[in-house]
Amino acid sequence: MAYEGIVIAMFVAVLSVTLSALGSFVGMGMARQAYERAVAGSERQKKFGKVLILQLLPCTQSIYGFLAMLLIMFKVGLPTTLKDVSPTAGLAILFACLPIMICNVPSSIWQGKLVAPCGEFLVKRPEKSGKIIIFPLIVEIYPVLSLLATILLLKEIPV
Amino acid sequence: MEIIGLAIAISGAALGATLSGAASAIGCGLVGQACTGVTSEDPEKFGALLILQVLPGTQGIYGFLAMFWVMMKVGLLATPIELTLHQGFGLLGACIPMMIGNPISAVWQGKVATNGVALIAKRPEELGKAMIFAVIVETYAVLSLLVTILLVNGIPVG
């Protein structure tokens with residue numbers, strides 16, 4: 001049994017979860033930093049719950065990356081018995097995961113940039129918080145689409 | 001079953017969807033930054049600003065649509081058909097408009113729509129004019145999608 005295909009698939013799985021997590025990490029950091037600058041301590045504590053939700057928005061991308069990793073693992077039979085994956089199939093898995101690897105990073109960073117001014121808004125006008133959260137949510141469409149693309153492309157690759 | 005052709009076709013479809021989606025995320029982010037600023041001053045303008053923010057978002061949808069087109073072509077939605085390496089590269093080449101034309105237009109549309117946000121902030125009644133400048137950029141994204149669909153249709157497979 002050859003392991004090249006499995007190695008490529010594992011590499012892809014690790015890369016997709018790492019890159020997504022890295023993007024989320026930067027996005028969340030940006031969201032927090034800018035918010036800290038904008039708002040004083042006592043005000044911040046009052047709005048803790050809502051601001052936490054805002055800060056968690058750039059975090060979803062890393063969860064999608066993790067989901068993609070699980071999908072690849074099930075595809076090559078990692079949890080139970082390994083399937084015989086040819087190097088070409090490994091390559092196909094690599095290409096199918098490009099959406100998760102590439103799209104998640106800029107989208108979470110830009111979502112982080114969008115979330116930052118929202119925190120300030122939340123403190124100034126708490127009654128309109130439903131509106132402001134829509135702007136970063138629009139950016140969320142693309143990580144969801146890329147996860148969907150990866151799922152669809154992975155599904156029928158013959159291994 | 002030899003699947004190298006299929007793998008190359010998947011790379012084209014995936015890259016087209018990815019790069020378009022990433023560029024759309026950047027475009028929506030650019031406009032969104034201006035939108036959050038204006039909304040915090042005047043929440044009444046929210047509706048008009050939202051329209052401007054979703055304009056650079058269409059490119060991501062086009063990339064996704066092109067991906068579906070390629071997937072239908074190679075039978076990835078049901079049972080994959082056998083492709084030669086050359087057919088795979090043909091499909092990869094057909095997706096190039098989605099990798100270059102679409103992302104660039106998404107980012108620039110974002111920049112134009114950001115200026116549209118400034119226009120709305122000063123004159124809320126001029127939403128139509130602010131949209132038209134951004135929609136002109138949309139033409140080239142639509143043309144890219146059209147080119148990809150026509151090229152994919154023309155490649156003989158199976």
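**Entry 1: the interface**

I began with the two chains of this predicted model and found 36 residues of chain A in contact (heavy atoms within 4.5 Å) with 46 residues of chain B. I noted that the model is predicted, that local features need pLDDT of at least 70, that side-chain atom pairs count only at pLDDT 80 or more, and that totals for chains, interfaces and linings use all residues. Residues are numbered from 1 along each chain as its sequence is written, chains are lettered from A and ligands numbered from 1 in the order in which they are written, and side-chain values use heavy atoms, with hydrogens and water left out.

I then looked up the buried area, which is the accessible area (1.4 Å probe) that two parts lose on being put together, summed over both. Chains A and B bury about 3500 Å² between them, and 82% of it lies on carbon and sulfur atoms. In chain A, the residues that lose the most area to chain B are A:Trp110, A:Phe135 and A:Tyr142, together 20% of what that side buries.

**Entry 2: polar and charged pairs**

I searched the interface of chain A and chain B for salt bridges (a side-chain nitrogen of Lys or Arg within 4 Å of a carboxyl oxygen of Asp or Glu), and the rule finds 0.

**Entry 3: the side of chain A**

I asked which elements of chain A give two or more residues to the side that touches chain B. They are α5 (87–96), α6 (98–124), α7 (129–132) and α8 (134–155); helices are DSSP runs (H or I, at least four residues), numbered from the N terminus. The largest share, 12 residues, comes from α6(A). I recorded 28 nonpolar, 2 polar and 6 charged residues on this side. Here Ala, Val, Leu, Ile, Met, Phe, Trp, Tyr, Cys and Pro count as nonpolar, Asp, Glu, Lys and Arg as charged, and the others, Gly among them, as polar.

**Entry 4: chain B**

I counted 6 helices and 0 strands (E, at least two residues) in chain B. The C-alpha trace of chain B spans about 60 × 25 × 20 Å along its principal axes.

I examined α1 (residues 4–41) and α2 (residues 46–54) of chain B, whose axes come within 9 Å and cross at roughly 170°. Axes are lines fitted to C-alpha atoms, for helices over the stretch in contact, and angles run from 0 to 180 degrees between N-to-C directions. α1(B) and α2(B) are therefore roughly antiparallel (an angle over 145 degrees) to each other. Residues making this contact include B:Cys28 and B:Val31 of α1(B) and B:Phe46 and B:Leu49 of α2(B). By class, the contact has 7 nonpolar, 3 polar and no charged residues.

Technical notes: Parallel < 35°, antiparallel > 145°, perpendicular 65-115°, else oblique.
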